[in-house]
Amino acid sequence: MNDKQRILAVKDLSKTFSNDSVQQHVLKNLNLAIYKGDFTVIMGNSGSGKSTLLYALSGMDRPTLGTITYYTGEEEGKETEISTFSNDRLAVFRREHVGFVFQQNYLNDSMSALDNIMVCGLLRHSNRRKLAEKAKELLTSVEIGESDWKKFPTQLSGGQQQRVAVVRGVINSPEVLFADEPTGALNSQNTENVLNILSDLNNEGQSIVMVTHTVKAAERGNRIIYLADGVISDEIDIGPYAGNYKDETNPRLDEARARHAKLKEFLQDMGW
Ligand SMILES: Nc1ncnc2c1ncn2[C@@H]1O[C@H](COP(=O)(O)OP(=O)(O)OP(=O)(O)O)[C@@H](O)[C@H]1O
Ligand SMILES: [Mg+2]
């Protein structure tokens, strides 16, 4: 039994794309729950439906069939079924409950780093001064210093841009942060930085659902789900991140090595 609190559950989720007269069944009767505090990772081959699943879970797109229920809100036990929401209602729902980070940062190039975050936050927060404080605090926590706050995205490095995008993703304190290959476009140092930020956020209680192609990123999660041809093949619990398994100075080196081995074995079983 899982005694963690459910944030959302999908039931019999299917997604079919119709191109010309050809129907492609991308997600097939999928059942899945996401739990509070987890860093859930979704892996699988290219084309297996990972992004499609992430978009359905997060209310970015609607499923063809099935339900997506969120167990969120101030009221205890409140259930919100979003799969039939209109576009407008979905947009409001997303703003209030979820955050996103993508492979490309999708920052608005005509606004400063700070304003990119403020704009997202202002749709929810009425107190501009408090919001700016929170944005600056978060930027500082991802090592974007004051001298960079007024810069436009094109004046920042790729790694800095993605850190700004992560801050934007969490500015509204979402119940879940969804990330689709958030380090896919970054070099190894920036990958490490962004992964550290995600780990820190998760340690502070942020629930995360991340799609990735790399073991290095997947290792940050505690629950790894493997998707093949639109169905969940299997999943594994490897426990919370225990630091770098290659770092001899890591005080939790044994634990880190054990979870790395467990993940590798799982992926091997999945035909990775
Ligand atoms: N909007 C769309 N219209 C038509 N087909 C789509 C659409 N979005 C995705 N597909 C198809 O659905 C399948 C799954 O796509 P998806 O983007 O979910 O894969 P993925 O697992 O995220 O792959 P990758 O690892 O390459 O990002 C692909 O065959 C893709 O062509
Ligand atoms: Mg994808």
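I began with the contacts in the chain (two residues are in contact if their C-beta atoms, placed from the backbone, lie within 7 Å), and found that, among contacts between residues at least 6 apart in sequence, 66% join residues at least 24 apart. I note that this is a predicted model, in which local features need pLDDT of at least 70 and side-chain atom pairs count only at pLDDT 80 or more, while totals for chains, interfaces and linings use all residues. Residues are numbered from 1 along each chain as its sequence is written, with chains lettered from A and ligands numbered from 1 in the order in which they are written.

Next I looked up the elements, which are DSSP runs numbered from the N terminus (helices are H or I with at least four residues, strands are E with at least two), and the chain has nine helices and 10 strands. The radius of gyration, taken over C-alpha atoms, is 19 Å, close to the 19 Å of the globule rule (2.2 Å times the number of residues to the power 0.38), so the chain is as compact as a globular protein of 272 residues.

I then turned to ligand 1 and listed the residues near it (C-beta atom, placed from the backbone, within 6 Å), among them F17, N19, Q24, K50, S51 and T52. The elements giving two or more residues to this shell are β1 (6-19), β2 (22-35) and α1 (50-57), and α1 supplies the largest share, three residues.

Helix α4 (residues 128-141) took up my next entry: its 14 residues reach 20 Å from the first C-alpha to the last, close to the 20 Å expected (1.5 Å times one less than the number of residues). I sorted residues by the count of other C-beta atoms, placed from the backbone, within 10 Å of their own (buried at 20 or more, exposed at 12 or fewer, partly exposed in between). In α4 the buried residues are K134, A135, L138 and L139, and they fall within an arc of 135° (of the directions from the helix axis to the C-beta atoms), so they line one face of the helix. I found R129, K130, E133 and E137 exposed on the other side of α4, whereas its buried residues pack against α3 (113-122), α5 (146-149) and α6 (158-170).

Lastly I checked the loop between α4 and α5, where E143 is found; its phi is near 60°, a positive value in a residue other than glycine, and with 13 C-beta neighbours inside 10 Å E143 counts as partly exposed.
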